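I opened my notebook to look up a few things in this structure. Here is what I started from.

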Amino acid sequence: MRTKSLKKNRINVITLGCSKNVYDSEVLMGQLKASGKDVVHEEEGNIVVINTCGFINNAKEESVNTILEFIQKKEAGDVDKVFVTGCLSERYKPDLQKEIPNVDQYFGTTELPGLLKALGADYKHELIGERLTTTPKNYAYLKIAEGCDRPCSFCAIPLMRGKHKSTPIEDLVLEAEKLAANGVKELILIAQDLTYYGLDLYKKRNLAELLEALVKVEGIEWIRLHYAFPTGFPMDVLDVMNRESKICNYLDIPLQHISDTILKSMRRGTTKEKTTKLLEEFRSKVPEMTIRTTLIVGYPGETEQDFEILKQWVKDMRFERLGCFTYSHEENTHAYNLEDDVPEDVKIDRANEIMEIQSQISWELNQQKIGQEFKVVIDRKEGNYFVGRTEFDSPDVDNEVLVDATNTYLKTGEFTTVKILEAEDFDLYGEVVT
């Protein structure tokens, strides 16, 4: 009869939440592999590490449900150990320890060495840039900074991730070179706030200089910018974007709202006039640019008039990409002192209304692409289609280009030129140009 001690440990890392968590899981897995551990991502394993999200209510629920699911498996003897790390664990460790005591150990966002030790591995400082990527082989996230210094009233990220801390340029270039050597062709730059990059290290906003260094990395064809804060955006980035073909004409800039009353209460440090002027400047300096933004509806005190201002502005600005979320009332944030006075059904109706406006805008903008040719990277094959993206689209959140796989063969990760034949709200259909 086999005993448990004879069973080889296999560590299964489960990632919940945003791309920053994906990155952290990849670093953890790289460290485990370097210590000779058998590690997998979201497959079968007798030791489970859950990397949680604690950002808003839905994400917290998903994290708690996942923990409970694996605790049940542990009690049934299907897994031996369950460890929890990440943002939920950072934010609510005492509560979690009390409510779900069967977890073997909880770790916060900065306790990687302790987590590795619990898993029987050593933290290796020399492993800068060594990760086990979990994304398709052609793209990878590059986290250029951790934490956030912004005072936004609704956001719990500084509670979970701490103060802004930039990663030095030379470390990021080294990491990019290692990713390129492994076949990565697209770098997606992420941070809580790209705009702030370098202020702590170089005493100035240094995103443009970082981009200048990254475009020199051989093998990288696209560099994409995610999560730039509007206030204090370094405009020299636009010059680099214009000059360097590797930098995608794409910017993800979460704006959250546009009514001055709400922006002030949100502590965003800007106004409707300043934000509109900034976006107009983006479009005049980089006419090809696709702007992605996210909005929050149902924030405390959001009146019908505030919402009408937001709706009209979305119609006027005609964003290429837009997501909308309902406000989540988060403990220990500044906005938690305000009354969460917009009913949940009103929040949902408002979000749906914004997304209906956006889907019409997206449909109209996509119709203009019919007959045009675009450079497309192929991410995967799904059913009878190869699914790819243009430089104007980020994985998982934006438009996709579908090419009929029954009469064309394409390789995942390769770039090809596609002529658009048909267009829907969020999907483009095309054929390869030979």
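**Entry 1: the domain**
I kept in mind that this is a predicted model. I checked UniProt next, and its unreviewed entry has the annotation "domain: MTTase N-terminal" on residues 9-124. Over that stretch I read off 47% helix and 21% strand.

**Entry 2: two helices**
How do α8 and α9 pack? I found helix α8 at residues 207-214 and helix α9 at residues 236-243, with their axes 8 Å apart and an angle of about 20 degrees between them. Angles under 35 degrees count as roughly parallel, so I wrote down α8 as roughly parallel to α9. I also noted that the crossing of α8 past α9 is left-handed.

Then I looked up who touches whom. From α8, the contact uses Leu207, Ala208, Leu211 and Glu212. From α9, it uses Asp236, Val237, Val240 and Arg243. Sorting the residues of this α8 and α9 contact, I got five nonpolar, three charged and no polar.

**Entry 3: Thr85**
I moved on to strand β4, residues 81-86, where Thr85 lies. Is Thr85 buried or exposed? Its relative accessible area is 10%, and buried means under 20%, so I put Thr85 down as buried.

Which residues does Thr85 contact, once I skip its neighbours within four places in sequence? My list for Thr85 reads Val49, Ile50, Asn51, Thr52, Phe107, Gly108 and Leu115.

Terms used
Residues are numbered from 1 along each chain as its sequence is written. This is a predicted model: local features need pLDDT of at least 70, side-chain atom pairs count only at pLDDT 80 or more; totals for chains, interfaces and linings use all residues. Side-chain values use heavy atoms; hydrogens and water are left out. UniProt positions are given in the numbering used here, feature names are shortened, and annotations may be inferred rather than shown by experiment. Helices (H or I, at least four residues) and strands (E, at least two) are DSSP runs, numbered from the N terminus. Axes are lines fitted to C-alpha atoms, for helices over the stretch in contact, and angles run from 0 to 180 degrees between N-to-C directions. Angles under 35 degrees count as roughly parallel, over 145 as roughly antiparallel, 65 to 115 as roughly perpendicular and the rest as oblique. A crossing is left-handed if the near helix is turned anticlockwise from the far one by less than a right angle, and right-handed if clockwise. Contact means heavy atoms within 4.5 Å. Ala, Val, Leu, Ile, Met, Phe, Trp, Tyr, Cys and Pro count as nonpolar, Asp, Glu, Lys and Arg as charged, and the others, Gly among them, as polar. Buried means under 20% relative accessible area, exposed over 50%, partly exposed in between (1.4 Å probe, protein chains only).
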